[in-house]
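Please consider the sequence and the three-dimensional model shown here.

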Amino acid sequence: MKDQSKILLIYKRSVLSTMGRLLKTKNARAGFKANHDNHYKALAHVEAVLKTMGLHYVKKPRNTRVNYKSFDLVITVGGDGTVLEAARNLTASQILLGVNSDPSWSVGQFCHATAESFERMLGQILRRSAKTIRLQKMKVTLKHGKTKRLFECLNDVLVCHANPAAMSRYGVSIGREEEEQRSSGMWIASAAGSTGGIFSAGGRRLPVDDRRLQYHPRELYRAKGIKYALTGGFIRPGKTISLTSHMSNGRIFVDGSHVSYPFIYGQKIEITASSNYVNLIHG
């Protein structure tokens, strides 16, 4: 790190703290109580370690405005969703450490630290001996007329109808190949995201250092006379997959369900491998 004071601590709010009023019965609340306690105990431990080491940090909850560019090290406390939120905003010059605050609750594929291992791994970071892996990010361009929105993500993008029971209609093109498709939606994922939704839909797991992107349509509508060519595969660095909406109420979901954008008729989304990547601490 260039400056030990440039540390950002991002944490999630527990389910109990955000949904407490909706959980009417004691039995319902009890199901989330253990996770709530484990999560905030881990968060308190992470802060105690930072203070003991004399490190200054800025603490922010998820889903708040943060100028990520101001920090060299970003520490997340929660699960993979918290890591993904941070990763969308980071550049290759920054370091990311995910702390799984409750391994009994969260899978934590991107969280290579726990409360118990945090002090050891932070020490490795400060000594510049920590191991990192580079995770390929995706560059997403959303176009509608003269309006253009650019953003990056780490895991995956799902393009589909806003109603999960409705058919998704879109045009898809990769290089010189293009066709109209009707399906339950289209997954596009990085190697880091290849173990998630796209894998469940029939895609392949990729090594985390693979720079290719992967696409896979969900439940293609197969009627007599309809043949598809773009039924899943890989997009090499420098190549782009484009989708044009033929839906009045389409939706684009980014890295899960928390971030989404409208995808109405005529809008176009282009996705390619970013020149950026995420430096994730592991081991």
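The paragraphs that follow lead from the nonpolar cores to a group of paired strands, and then to the pockets and a helix beside them.

The model is predicted, and its local features are described only where pLDDT is at least 70. In soluble globular proteins, nonpolar side chains tend to be buried together. The largest nonpolar core in this model has 26 residues. Which of these residues touch the most other members? They are Val157, Ile188, Ile241, Leu243, Ile269 and Ile271. When neighbours within four places in sequence are left aside, Ile271 is in contact with Met138, Lys139 and Val140, with Val157, Ile188 and Leu213, and with Lys239, Thr240 and Ile241. Another core, of 20 residues, lies apart from the largest one, and its members include Tyr11, Val49, Leu73 and Ile281.

Helix H2, which spans residues 26–52, contains Val46. Is Val46 buried or exposed? Its relative accessible area is 0%, and Val46 is therefore classed as buried. Not counting residues up to four places away in sequence, Val46 touches Leu9, Ile75, Val77, Val99 and Phe118. A further relation concerns Val46 and Ser101: these two residues are separated by 55 residues in sequence, while their C-alpha atoms are 9.6 Å apart in space.

The strands come next, with E15 as the point of reference. Strand E8, residues 156–161, pairs with E15 in the antiparallel sense over five bridges. In this pairing, Arg251 of E15 is the bridge partner of Cys160. E15 is also joined to strand E16, residues 259–263, by five bridges, and these two strands run antiparallel. Here Phe263 of E16 is the bridge partner of Gly250.

E15 and E16 form a hairpin with four residues between the strands, and within it Asp255 takes a positive phi near 55°. Asp255 has this positive phi although it is not a glycine. Glu219 likewise is not a glycine and has a positive phi, of about 45°. Glu219 is placed in the loop between strand E12 (213–218) and strand E13 (233–235). How does the accessibility of the two residues compare with the cut-offs for burial and exposure? Buried means under 20% relative accessible area and exposed means over 50%. Asp255 has 10% relative accessibility and so counts as buried. Glu219, at 62%, counts as exposed.

Attention now turns to empty space. Rolling a probe the size of a water molecule over the atoms shows where empty space is left. The largest pocket has a volume of about 490 Å³. It is lined by 19 residues, of which Tyr68, Glu85, Arg88, Asn89 and Tyr261 are the closest to its centre. Two elements, strand E7 (147–153) and E16, each give two or more residues to this lining. The largest share, four residues, comes from E7. By class, the lining of the largest pocket divides into eight nonpolar, five polar and six charged residues.

The second largest pocket has a volume of about 380 Å³. Among the 15 residues that line it, Lys12, Arg62, Gly81, Thr82 and His258 lie nearest its centre. Helix H1 (15–19) and helix H3 (80–87) are the elements that give two or more residues to its lining. H3 supplies the largest share, three residues. The lining of the second largest pocket has three nonpolar, eight polar and four charged residues.

Which residues of H3 are buried? They are Asp80, Thr82, Val83, Leu84, Glu85, Ala86 and Ala87. The elements that cover them include the strands E1 (7–11), E3 (73–78), E4 (95–100), E6 (131–144) and E17 (268–282).

How values were computed. Residues are numbered from 1 along each chain as its sequence is written. This is a predicted model: local features need pLDDT of at least 70, side-chain atom pairs count only at pLDDT 80 or more; totals for chains, interfaces and linings use all residues. Side-chain values use heavy atoms; hydrogens and water are left out. A nonpolar core is a set of buried Ala, Val, Leu, Ile, Met, Phe, Trp, Tyr and Cys residues joined through side-chain atoms within 4.5 Å. Buried means under 20% relative accessible area, exposed over 50%, partly exposed in between (1.4 Å probe, protein chains only). Contact means heavy atoms within 4.5 Å. Two strands pair if DSSP finds at least two bridges between them. On a 1 Å grid over the protein atoms alone, a cavity is a set of points where a 1.4 Å probe fits but cannot get out, and a pocket is an open set with protein on both sides within 12 Å along at least five of seven lines; lining residues have an atom within 4 Å of a point. Grid points are joined across faces, edges and corners, and a volume is the space filled by probe spheres set on the points. Ala, Val, Leu, Ile, Met, Phe, Trp, Tyr, Cys and Pro count as nonpolar, Asp, Glu, Lys and Arg as charged, and the others, Gly among them, as polar.
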